[in-house]
Structure formats: structure tokens, C-alpha cells
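Please keep the sequence and the structure in view while reading.

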Amino acid sequence: MSKQAMLFVDDEKMILQSLKTQIKKHFGDRYTYEFAESGYEAWEVIEELHDDNAEVLVLVSDWLMPNMKGDELLIQVHQKFPRMVKVMLTGHASEE
């Protein structure tokens, strides 16, 4: 059975640390947890996991990040990995 992972992306380290604490508290050692501070770093993590035959089940990304916004990341990831669950989590909501 391949390793199953969850990936969290946010440019704020404090947010990632909080997510790490909460997700590990809830799921324990059931999954591998990865954290990235940018869309580009997330792609590196995804490729490394893919090369190690690990399956990324869920990608949770912030929206407002430098260089690559979360929606751009999720669209690109969806094109290559359509079965991966993708979630955008942000504090910068607007009607746009």
C-alpha cells in the first residue's frame, strides 16, 4: 500500500504550525503531513511524494500568497492530479 499524505500550503508559518497541531491531534499517525510556504514549494513536495509512490489525498491552500496565488496552484494541480481533493482556505474573502 502506498503512503498517503496531506499537503498544507500557506505563506504564514504560524498558520502552518497551527494546522499541523490540529491535524495531527485529529488524525494522529494515520497520514503523512507535508507543509509548504509557497505554491512553488508545494509543487516540489508533490513531485517528491509522487516520485516516492506516495499519494497526496488532500491539498489545502491559502489563497493570498506571493508569486502564485492559491487558486492558480489548485488549478494547476487539478490538471495533473484531478482525483486529488483540493481545498482553498483563506481569510481574504470577497465576492470576486
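In this predicted model, strand E1 (residues 4-9) and strand E2 (residues 32-36) run parallel and are joined by five bridges. Within this pair, Leu7 has Glu34 of E2 as its bridge partner. To get from E1 to E2, the chain passes through helix H1 (residues 13-27), and the β-α-β crossover made in this way is right-handed.

E1 also pairs in the parallel sense with strand E3 (residues 55-61), here over six bridges, and Gln4 stands opposite Glu55 in E3. The two pairings of E1 can be set side by side.

| Strands | Sense | Bridges |
|---|---|---|
| E1 (residues 4-9) and E2 (residues 32-36) | parallel | five bridges |
| E1 and E3 (residues 55-61) | parallel | six bridges |

Where do these strands stand in the order of the open sheet? The sheet is formed by four strands in the order E2-E1-E3-E4, with parallel pairing. Its edge strands are E2 and strand E4 (85-88), each of which pairs on one side only. From one strand to the next, the twist averages 20°.

Helices pack on this sheet as well. Helix H2 (residues 39-51) packs on the sheet and touches E1, E2 and E3, while its direction makes about 170° with that of E1. Helix H3 (residues 70-80), in turn, lies across E1, E3 and E4, and runs at about 170° to E4.

Notes:
Residues are numbered from 1 along each chain as its sequence is written. This is a predicted model: local features need pLDDT of at least 70, side-chain atom pairs count only at pLDDT 80 or more; totals for chains, interfaces and linings use all residues. Side-chain values use heavy atoms; hydrogens and water are left out. Two strands pair if DSSP finds at least two bridges between them. A crossover is right-handed if, with the strands pointing away from the viewer, the path from the first strand over the helix to the second runs clockwise. Axes are lines fitted to C-alpha atoms, for helices over the stretch in contact, and angles run from 0 to 180 degrees between N-to-C directions. Contact means heavy atoms within 4.5 Å.
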